[in-house]
Amino acid sequence: MKMVTAIVKPFKLDEVREALSAIGVQGVTVTEVKGFGRQKGHTELYRGAEYVVDFLPKVKIEAAVDDALVERVIEAIETAARTGKIGDGKIFVSTLEQVLRIRTGETGKDAL
Amino acid sequence: MKKLIAILALGVAALGFSTLSLAQDTAASAPAAAEAVAAAPAEAEAAAEPKVDSGDTAWMLTSTLLVILMTIPGLALFYGGLARSKNMLSVLMHVFVIFSLISILWAIYGYSLAFGGDGNFFGNFDKSFLRGVTQETFGPLTTIPEYVFIAFQGTFAAITTALVVGSYAERIKFSAVLVFSVLWFTFAYVPMAHIVWGDGLLAQDGALDFAGGTVVHINAGIAGLVGAFVLGKRIGYGKEAMAPHNLPLTMVGASLLWVGWFGFNAGSAGAADAVAGLAFVNTVLATAAAVLSWIAGEALTKGKASMLGAASGAIAGLVAVTPAAGFVGPMGAIVLGAIAGLVCLWGVTGLKHMLGMDDSFDVFGVHGLGGIVGAILTGVFAAPWLGGAQGDDFAMGAQVWIQIKSVLFTIAWSGVVAFIAYKIADMTVGLRVTEEEEREGLDISSHGETAYSK
């Protein structure tokens, strides 16, 4: 089992969600985050007080998936989230030790 | 820098107080017909029989309402939006409570000392607790009941004291706000109101101040600057982000201020008449011009016109037209507003950096500086050949000098009283909260509340 974490541009959220549903991913967790990579921030000006804001708003999507589905998940997110412009984001894949569905107590692949 | 300012301040104080003797020597130039509310009608009293005019009274009651709206929630939201969210409630609290407190004190002794009697600096206590005031009596105005006049003037006292909040916000102790406000209201606002509007020194001198450029704006602006000086900077000022947390609310506040200001300026005509109409028109035009000149200045120097700039420009224009509203012509008001917008833009940027003080929401940069510009330019644009309402014997040079004297006097008086008031507050209850309390936010540490629960 793997945890796929994707950081994408906020307006891409719906597209990514639909692409994941289309290949059978049942559930995701979405968080609003901020960060930066190579994309530059912006400057705000309030009555002569200047603020350089490095952080840009992004969306983090996390999905626990079966090993067999991982490649297709990565491809789906990549295609849906890409704009070709700087700041598109990244996808991280990490190994998942254990998964449990709280309502039924199912564990492992049955809980995904 | 601080030493330089202290020396400058002492110099201005000395200059200001020396204008006292000058003002006393100057033969009182006959106050122009359209002079500010109180003085002229009181002198003409003997001829005019006081009688309630329902049109005037209805307008004055409405104006009073408008000025109250300017304070709550206008000023409260304007300042509140500029604060960080952890201090939002404290700012709202300061304004709301000051309004309540000063309203009471006005009734108890403020009105009497400001408008009762004709001493040079203070009136008398004859009308304290509003003794002798009934539904039948009249104040300085002959067509509205005295109660209406009292209410109207009370709102001015309250908003002026509340204006100072913007300078000491986000680090001051609540008890210090109360102590300072009581002292400053009593020893700076009340005498200034008397001196300019209540038959006092500057009224006799012929100073033109239609709705309170000196009494309200320079007064509060200087008190704010002194407060910024005495309190010191907010922790992290210049290094940490202190951006406004809710500019939409600031815009709402600025809009309420603009609309309410029609009561402030046009209401200062004291009647529902053509002078009120002139003040009304000027309040539209000067403000609009200042909005445009401020954002134009921003766009030219920084590349972008901002909402905060537009709102600030509006306030600058409103402040500048306050002393001028019933004395200048509409075209003069436009030029006045345009100048004020640019000068105050500099006031909150260049000048602020030069002064090196943390005036949280720019009370001095906008109200103080705007008031000074407006007061002096009133002497210029009141000229009949510039569309003003003064007579043909108007001497611009002489009038501008009278205006400058009144400005210097106000700066000196307000500055000295404010300094002493802050020091007394410091010695009695302490001025600033602790570093932990400031970091946590005044809402929680001073008031036990959060503005925006998650």
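The model is predicted, so local features need pLDDT of at least 70, side-chain atom pairs count only at pLDDT 80 or more, and totals for chains, interfaces and linings use all residues. Residues are numbered from 1 along each chain as its sequence is written, while chains are lettered from A and ligands numbered from 1 in the order in which they are written.

Start with chain A. It has two helices and six strands. Both kinds of element are DSSP runs, numbered from the N terminus: helices are H or I with at least four residues, strands are E with at least two. Read from the N terminus, the order in chain A is β-α-β-β-β-β-α-β. The C-alpha trace spans about 60 × 30 × 20 Å along its principal axes. The radius of gyration of chain A is 17 Å, whereas a compact globule of 112 residues would have one near 13 Å. That radius is taken over C-alpha atoms, and the globule rule is 2.2 Å times the number of residues to the power 0.38.

Burial in chain A comes to 18% of its 112 residues. A residue is buried if 20 or more other C-beta atoms lie within 10 Å of its own, exposed if 12 or fewer, and partly exposed in between, with C-beta atoms placed from the backbone. Contacts are counted when two C-beta atoms, placed from the backbone, lie within 7 Å. Of the contacts in chain A between residues at least 6 apart in sequence, 70% join residues at least 24 apart.

Now look at one hairpin. Strand S3 (residues 42-46) of chain A runs antiparallel to strand S4 (residues 49-53) of chain A, and five bridges join them. Strands pair if DSSP finds at least two bridges between them. His42(A) stands opposite Val53(A). Two residues lie between the strands, and Arg47(A) takes a positive phi near 45° in this hairpin.

Chain B is built from 18 helices and zero strands. Of its 454 residues, 60% are buried. Among its contacts with a separation of 6 or more, 78% come from residues 24 or more positions apart.

Helix H12 (residues 307-321) of chain B has 15 residues. From first C-alpha to last, H12(B) reaches 21 Å, close to the 21 Å expected at 1.5 Å a residue; the expected span is 1.5 Å times one less than the number of residues. H12(B) is largely enclosed by the rest of the structure, because 13 of its 15 residues are buried.

Helix H11 (residues 274-302) of chain B holds Phe280(B). Phe280(B) is partly exposed, with 19 other C-beta atoms within 10 Å. Beyond its neighbours within four places in sequence, Phe280(B) is in contact with Phe262(B) and Ala266(B).

Next, the cores. A nonpolar core is a set of buried Ala, Val, Leu, Ile, Met, Phe, Trp, Tyr and Cys residues joined through C-beta atoms within 7 Å. The largest has 155 residues, and Tyr79(B) and Leu336(B) have the most contacts inside it. Helix H4 (residues 88-115) of chain B gives this core its largest share, 15 residues. A second, separate core has 14 residues, including Val4(A) and Val73(A). Back in chain B, residues up to four places away aside, Tyr79(B) touches Val91(B), Val95(B), Val165(B), Gly166(B), Ala169(B) and Phe361(B).

Finally, the two chains meet. Chain B gives 11 residues to the contact and chain A gives six residues.
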